[in-house]
Amino acid sequence: MNEKIRIVIVGGGTAGWMTAAALSHVVTDKVCDLVLVESDAIGTVGVGEATIPAIKEFNDKLGIIEPDMMKKTGATFKLGIEFDGWGAPGKRYMHPFGSFGKSFQGMDFHQYWLKVHQKGLAEPLESYSYSIQAARQGKFTFPASDANAIASTYSYAYHFDAGLYANYLKEMSVGKGVSRIEGRVTQVKCTDDRARVEKIVLESGQEITADYFIDCTGFRSLLLGAELGVEFESWSHWLPCDRAVTAASEVMSSMPPYTKSTAQAAGWQWRIPLQHRTGNGYVYSSHHISDDEAASSLLHPIQGAPLSDPALLKFEAGRRKVNWKGNCIAVGLSGGFLEPLESTSIYLIQVSIQQLLNLFPDKHPSAPLVDEFNRRIDLEYERIRDFLILHYVANGREGESFWDDCRQMKFPDSLREKISLYASRGYIDQYKYGLFSPSSWLAVLMGQVGGARGYERVCDNQSVQRLADRMQSIKHSIDSGVADLSSHREFINDYCKSQIGELAHG
Ligand SMILES: Cc1cc2nc3c(=O)[nH]c(=O)nc-3n(C[C@H](O)[C@H](O)[C@H](O)COP(=O)(O)OP(=O)(O)OC[C@H]3O[C@@H](n4cnc5c(N)ncnc54)[C@H](O)[C@@H]3O)c2cc1C
């Protein structure tokens, strides 16, 4: 029989408890012992309220009951992200969690939309997205299960209180046998060649050994970065925002089912509606605005009274050169950070956990397994990075120094190729692994670059009129379906009304 593996997770933020919950659910105590060390004295990063639809898969795999989780974390539904002022001041578009229209005889919807639009016979692309129409009207329901229905063409995510979500997973994990040790790690001891972690030492003097250490210590990266010396590769030349000020405000009475991202002078501002408060933050470049100016700009456009003073966070975009070295695997901020523009950090935690489970090691790590893990994580980071950069380089805010600098930056070739393929005939490659899907790219490209010049020639198999009629019928189905939906707030009240006291009235 194989020997039992001892895994110690260091850090109890969202990353630590997601890791503990997933491992304790999938890997039984016959295979490994799981310990999580966290320090009450050292807080968590304390932000991270918006997610993408992959989180639902994670929760479902763990057997989490959705309304129960939502009640306990003050969660609302999220159908996408609205970008306000990115393409140009005053111009809005939405990145929905779903497709535009429906494909037809092997053609992507947007291809025939391009053909019909170029003849002046199509409505704006957003009119053919079920999720955008529902989001804009403040409505929500679950996607239809009939794959032929237009109401099946979207998915959803959550806005939640990430601290409460971590607590929720903590309860689950401890219930499944994860041992929690409270204490501050004061020393990490590794082998002389810095190839493996041997043990961690707590303030109390307690020494903890393990076969594997999962570094979930946040930006500190105590094990992988500080002790094993894995370098941080900065991407700040592409993603220049390096700070955020955050503040909660009163609950919004309208409770829109989407995140809002509004371009500001030196970055952008998020608004995330939860059931018990609204999350706000201004992500900015400290080379273009001072912290005080950023804090006052944040409070200025907030709807409803602020409930807290602005809090400042500093960060740098990039990732560790490898996320797994020796017997240490980074999950969460210890492995890298990409700003929250597309709510991808919790997703990256999830991917690291999933890949760790897919490539679950024996008592001793094998090099091919470690290399494959690092290759997959790299790919995820790079693909998200390119998608985020697109938002910045394709801005239309002329005359503002931050945005002018972004438009003039030299960006990765992988992104340049993607933009030029799209611009000529609307072609968007489907990645085999990693984010984002073609409809996500399409939303941002359309919103900020504009319509492609041409379209795929295969569309000429169909007449403009036939395609226009088909589009009209899709639009009609969307309009009538969305008209019948209840409001997001009513839906939440029926399905998962929060058990957390509202912090204020909307
Ligand atoms: C401005 C901003 C906005 C964000 N918004 C989003 C968002 O909308 N959506 C999203 O998906 N993500 C978002 N994120 C990212 C998200 O907050 C993190 O990915 C997530 O919270 C995971 O953090 P973590 O667990 O890796 O680190 P942390 O939350 O920092 O947790 C670190 C843990 O390590 C422990 N620890 C550290 N040092 C020691 C020590 N010496 N001894 C013992 N324990 C120790 C701490 O006590 C803590 O428990 C945002 C991040 C920032 C900066």
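Me: Let's start with Ser173: does that residue count as buried or exposed, and why?
Reply: Ser173 counts as buried, because its relative accessibility is 0%. Bear in mind that this is a predicted model.

Me: OK, which helix does Ser173 lie in?
Reply: Ser173 belongs to helix α6, which covers residues 162-175.

Me: And what lies 2.6 Å from a polar atom of the Ser173 side chain?
Reply: That would be the backbone oxygen of Leu169.

Me: Leaving aside its neighbours within four places in sequence, which residues is Ser173 in contact with?
Reply: Five of them: Trp17, Ala20, Ala21, Ser24 and Val178.

Me: Switching to the ligand. How many residues surround it, and which are the closest?
Reply: There are 33 residues around the ligand, and the closest are Ile42, Val47, Ala50, Val185 and Ile346.

Me: Which polar backbone atoms are 2.6 Å from an oxygen atom of the ligand?
Reply: One belongs to Ile42, which has a polar backbone atom 2.6 Å from a ligand oxygen. Val47 also has a polar backbone atom at 2.6 Å from an oxygen of the ligand. Then there's Gly12, where a backbone N or O atom sits 2.9 Å from a ligand oxygen.

Me: How much of the ligand's exposed area does the protein bury?
Reply: On its own the ligand exposes 1,000 Å², and the protein buries 98% of that.

Me: Which helices each supply at least two residues of the shell around the ligand?
Reply: α1 (14-26) and α9 (345-358) each do that. The biggest contribution to the shell comes from α9, with three residues.

Me: Now the sheets. What's the strand order in the one with β18?
Reply: The order is β12-β18-β21, an open sheet of three strands with antiparallel pairing. At the edges you have β12 (232-234) and β21 (336-337), each pairing on one side only.

Me: Where does helix α10 come in?
Reply: Helix α10, residues 367-393, packs on that sheet and touches β18 and β21. The direction of α10 makes about 170° with that of β18.

Me: How many bridges join β12 to β18?
Reply: Three bridges join β12 to β18 (residues 318-320), and the two strands run antiparallel.

Me: What stands opposite Phe232?
Reply: Arg320, in β18, is opposite Phe232.

Me: And the sheet with β9, what's the order there?
Reply: That one runs β8-β9-β10, again an open sheet of three strands with antiparallel pairing. The edge strands here are β8 (185-190) and β10 (207-209), and each pairs on one side only. On average, neighbouring strands of this sheet are turned by 25° against each other, ignoring direction.

Me: How many bridges join β9 to β10?
Reply: Three bridges link β9 (residues 197-202) with β10, and those strands run antiparallel. As for a residue pair, Ile200 stands opposite Ile208 in β10.

Me: Last topic, Gln465. Where is that residue found?
Reply: Gln465 is in helix α14, which spans residues 464-483.

Me: What does Gln465 count as, in terms of accessibility, and why?
Reply: Gln465 counts as partly exposed because its relative accessibility is 46%. The cut-off for exposed is over 50%.

Me: What separation is there between the C-alpha atoms of Gln465 and Val35?
Reply: Those C-alpha atoms are 64 Å apart, and Gln465 and Val35 are 430 residues apart along the chain.

Notes
Residues numbered from 1 in each chain as written. Predicted model: local features only at pLDDT ≥ 70, side-chain atom pairs only at ≥ 80, totals over all residues. Heavy atoms only, no water. Pairing = 2+ DSSP bridges. Helix = DSSP H or I, 4+ residues; strand = E, 2+ residues; numbered from the N terminus. Contact = heavy atoms within 4.5 Å. Axes fitted to C-alpha atoms, helices over the stretch in contact; angles between N-to-C directions. Buried < 20%, exposed > 50% of the residue type's maximum accessible area, 1.4 Å probe, protein only. Polar contact = N/O pair within 3.5 Å; in protein donor to acceptor, adjacent residues only side chain to side chain. Near = heavy atom within 4 Å. Areas by Shrake-Rupley, 256 points an atom, 1.4 Å probe, with all protein chains shown as cover.
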